[in-house]
Amino acid sequence: MKWTEQAWKKIESNYSAILDMPFVQELANGTLPKNKFQFYMAQDSIYLEHFGRALALIGAKSHDIGDALAYLRFAEGAIVVENALHESYFQDFGVTDKGKIQPACHHYTHFLKSTAAMEPVEVAMAATLPCFWIYKKVGDHIYKGQQIFNNPYQRWIDTYGGEEFSDSVQRAIMICDLAAERATPVTRARMTEAFIHASHLEYHFWDAAYTGRTWS
């Protein structure tokens, strides 16, 4: 069994909890309150800038030149392509200011950047994988289960359920599996730990958007 298959089994319960979250359920059926999506979009836009920096650092540290190029392209996608998409969402949903980074986003981005900087590159790759993989799985889940028309969040669903994003996800999975094959047992264990921790941070990012969690 590949490393990613083993790692995913360890977060299946957390992924199921994400699918059952009110934010995801209401996003899927189009009833999510606009203010909750606005909060999410603003924080996600901030997140993508930091995520892109973490990906670029992974690219710089990668041993294989092909992996380096892949992560630099992932970084470009996060910072340039997806942020451009977010800017169009801002217009659609009346978001005029990203505001300040809030606790869940701060915690998640700090974890990713510190892992990319301080840990072996294989561990950093594993830490960033849930952002790719969980978003794709959630996007596919919503896309396949849709029963309504004119969902105001359709563009978001189409983005993460689309083929272009799928290609990036599959590439990231493949790189992580190859990295795990070459890694020592200790490093593989740290990869799994980072993957699990990042999946929990994914949950809390979605939850914070629904509850509007800010600095107290």
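Helices H6 and H8 (residues 163-182) have axes that come within 9 Å and cross at roughly 150 degrees. Since angles over 145 degrees count as roughly antiparallel, H6 and H8 are therefore roughly antiparallel to each other. Keep in mind that this is a predicted model.

**Packing of H6 and H8**
- The crossing in which H6 passes H8 is left-handed.
- On the H6 side, the residues that meet H8 are Glu 122, Met 125, Ala 126, Leu 129, Phe 132, Trp 133, Tyr 135 and Lys 136.
- Their partners in H8 are Phe 165, Ser 166, Val 169, Ala 172, Ile 173, Ile 175, Cys 176 and Ala 179.

**Aromatic pairs**
- The count of aromatic pairs comes to 22.
- One of the pairs joins Tyr 47 and Tyr 108, with 5.0 Å centre to centre and 40 degrees between the planes, and is tilted.
- This pair links distant parts of the chain, with Tyr 47 in helix H3 (residues 34-61) and Tyr 108 in helix H5 (residues 103-118), 61 residues apart.
- Both Tyr 47 and Tyr 108 are buried.
- The ring centres of Tyr 135 and Trp 156 are 6.0 Å apart and their planes lie at 50 degrees, so this pair is tilted.
- Here too, distant parts of the chain are linked: Tyr 135 belongs to helix H6 (residues 121-145) and Trp 156 to helix H7 (residues 154-160), 21 residues apart.
- Tyr 135 and Trp 156 are both buried.

Notes
Residues are numbered from 1 along each chain as its sequence is written. This is a predicted model: local features need pLDDT of at least 70, side-chain atom pairs count only at pLDDT 80 or more; totals for chains, interfaces and linings use all residues. Side-chain values use heavy atoms; hydrogens and water are left out. Rings of Phe, Tyr and Trp (its six-membered ring) pair if their centres lie within 6.5 Å; planes under 30 degrees apart count as stacked, over 60 as edge-to-face and the rest as tilted. Helices (H or I, at least four residues) and strands (E, at least two) are DSSP runs, numbered from the N terminus. Buried means under 20% relative accessible area, exposed over 50%, partly exposed in between (1.4 Å probe, protein chains only). Axes are lines fitted to C-alpha atoms, for helices over the stretch in contact, and angles run from 0 to 180 degrees between N-to-C directions. Angles under 35 degrees count as roughly parallel, over 145 as roughly antiparallel, 65 to 115 as roughly perpendicular and the rest as oblique. A crossing is left-handed if the near helix is turned anticlockwise from the far one by less than a right angle, and right-handed if clockwise. Contact means heavy atoms within 4.5 Å.
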